[in-house]
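I'll take a few minutes on one structure. Please have the sequence and the model open while I talk.

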Amino acid sequence: MLDRLEAMASRVIEGWTARLFRARLQPVQIAKRVIRAMEAHQTISLAKTFVPNSYVVSLSPTDYTQFEQYKRSLERDLAEAVLGAARDRSLTLLAYPTVEIEEDQDISPGDLRVACALVDASGEEVPANEPERLGGVGAGHTMVLDREALLAAKPRAPQGAIVAREGSVRREVPLSAEPVTVGRDPKNDIVLDDRRVSRRHAEVRLRLGRYTLYDLQSTNGTFVNGRRIAEMVLSNNDRITIGGAELVVRLEG
């Protein structure tokens, strides 16, 4: 079970450790603790086993500062880790999970605390000692979303592409569920032969139905519409500047 948990957390938080290897606390450690909290707080009602869908992760000021720049993306990735773990174990969530990362002066560097709750659509916590409240949820004010319903409710990825222009050369790289990497290394999906471009400079990843651009701690930065970014959800016609190349985002719908 421990190996399985390790694999789940590592798969969902792929890429974070490389970007934040100097952090006292690694994202994969946070993911494992959140999943353990989910497993430890199960509520059985009728034929379903419910797990918390609301999580708060408390970090020390030092660790919080390390993650603050990427906080929103890490929160989304952790939510996906909860969903994946619940699906893998045939557990039920009342709604798409949420994870909030907060700073706590009482937490020591390298440590963390996870609080979780089963919350209905009205925002009210469902106490573990009142499982009967879950029995009528499907016919009442909250619709129970099991693992199949959660996946169906998740926004679909829009069709789109990245159009790369470098001098007179034009290339179009389709966007999909797989990450699109940009950099000077020939192994990237979009290769830019420019000394101002890092070997692995940036990547576009699908997160909760939206394409998000991440700068991979490049030397000279990644710019969207003239503004330097660390990460940004992309919109149609956004212009990404990396070195001397311009990449244009084309999204349908």
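Helix 3 and helix 5 lie oblique to each other. This is a predicted model, and in it the axes of helix 3, residues 27–40, and helix 5, residues 71–88, come within 10 Å and cross at roughly 45 degrees. The class oblique follows because angles under 35 degrees count as roughly parallel and 65 to 115 as roughly perpendicular. The crossing of helix 3 past helix 5 is right-handed.

Which residues make the contact? From helix 3 they are P27, I30, A31, V34, I35 and M38, and from helix 5 they are L74, L78, A81, V82, A85 and A86. By type, the residues in the contact of helix 3 with helix 5 are 12 nonpolar, with no polar and no charged.

Next, the strands. Strand 15, residues 239–242, runs antiparallel to strand 16, and four bridges join them. R239 sits opposite V248 of strand 16. The hairpin of strand 15 and strand 16 has two residues between the strands, and there G243 has a positive phi near 60 degrees. As for cover, five of the seven residues of strand 16, residues 245–251, are buried.

Last, backbone angles in residues other than glycine. Q217, in the loop between strand 11 and strand 12, has a positive phi of about 55 degrees. Q217 is partly exposed, at a relative accessible area of 40%. N237 is in the loop between strand 14 and strand 15, and its phi is positive, near 75 degrees. N237 is partly exposed, with a relative accessible area of 40%.

Terms used. Residues are numbered from 1 along each chain as its sequence is written. This is a predicted model: local features need pLDDT of at least 70, side-chain atom pairs count only at pLDDT 80 or more; totals for chains, interfaces and linings use all residues. Side-chain values use heavy atoms; hydrogens and water are left out. Buried means under 20% relative accessible area, exposed over 50%, partly exposed in between (1.4 Å probe, protein chains only). Two strands pair if DSSP finds at least two bridges between them. Axes are lines fitted to C-alpha atoms, for helices over the stretch in contact, and angles run from 0 to 180 degrees between N-to-C directions. Angles under 35 degrees count as roughly parallel, over 145 as roughly antiparallel, 65 to 115 as roughly perpendicular and the rest as oblique. A crossing is left-handed if the near helix is turned anticlockwise from the far one by less than a right angle, and right-handed if clockwise. Contact means heavy atoms within 4.5 Å. Ala, Val, Leu, Ile, Met, Phe, Trp, Tyr, Cys and Pro count as nonpolar, Asp, Glu, Lys and Arg as charged, and the others, Gly among them, as polar.
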